[in-house]
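The tour starts with the whole chain and ends at a single residue.

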Amino acid sequence: HEKPVLVDFWAPWCGPCRQLGPILEKLDEEEDSFTLAKLNTDEDQTTAMRYNVRSMPTLIVFKDGEPADMKVGAGQSRVQLIKWLDLFAA
């Protein structure tokens with residue numbers, strides 16, 4: 001099994017995205033259970049639209065190449081994010 005991939009859909013003008021970004025990057029350094037990818041929606045609107053991303057930030061976990069779950073907004077704590085990601089790290 002490949003590790004799940006967490007895609008952070010963000011935009012440079014989005015304040016909550018700038019708050020969440022460093023949390024995700026630190027988590028990526030400390031946790032080996034997932035791979036972090038970041039997608040700037042200003043630069044790639046097509047992909048954002050394909051996955052129904054309408055507000056920033058949006059996090060989507062991909063398991064075996066398919067979207068498995070989505071969280072919208074920056075309201076997740078580090079602990080909540082770890083618990084959420086652990087659901088897919090089998």
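**The whole chain**

Start with the surface. The accessible surface of this predicted model comes to about 5,400 Å², and carbon and sulfur atoms hold 51% of that area.

Switch to cartoon and colour by secondary structure. Trace the chain along its sequence: the order is β-α-β-α-β-β-α.

Now show the C-alpha trace alone. Along the principal axes, the trace spans about 35 × 25 × 20 Å. The radius of gyration is 12 Å, which agrees with the value near 12 Å for a compact globule of 90 residues.

Colour by burial next. Of the 90 residues, 41% are buried.

Select the charged side chains. There are 10 positive and 15 negative charges, and their mean positions lie 5 Å apart.

**Zoom in: Thr 58**

Select residues 58–63. This is strand S3, and Thr 58 belongs to this strand.

Is Thr 58 buried or exposed? Its relative accessible area is 1%, so Thr 58 counts as buried; the cut-off for buried is under 20%.

Show the side chain of Thr 58 and the backbone of Ser 55. A polar atom of the Thr 58 side chain sits 2.6 Å from the backbone oxygen of Ser 55.

Finally, select what Thr 58 touches beyond four places in sequence: Val 7, Asp 8, Phe 9, Val 53, Met 70, Lys 71 and Val 72.

Notes:
Residues numbered from 1 in each chain as written. Predicted model: local features only at pLDDT ≥ 70, side-chain atom pairs only at ≥ 80, totals over all residues. Heavy atoms only, no water. Helix = DSSP H or I, 4+ residues; strand = E, 2+ residues; numbered from the N terminus. Rg over C-alpha atoms; globule rule 2.2 N^0.38 Å. Buried < 20%, exposed > 50% of the residue type's maximum accessible area, 1.4 Å probe, protein only. Areas by Shrake-Rupley, 256 points an atom, 1.4 Å probe, with all protein chains shown as cover. Lys, Arg positive; Asp, Glu negative; His and termini not counted. Charge placed at Lys NZ, Arg CZ, Asp CG, Glu CD. Polar contact = N/O pair within 3.5 Å; in protein donor to acceptor, adjacent residues only side chain to side chain. Contact = heavy atoms within 4.5 Å.
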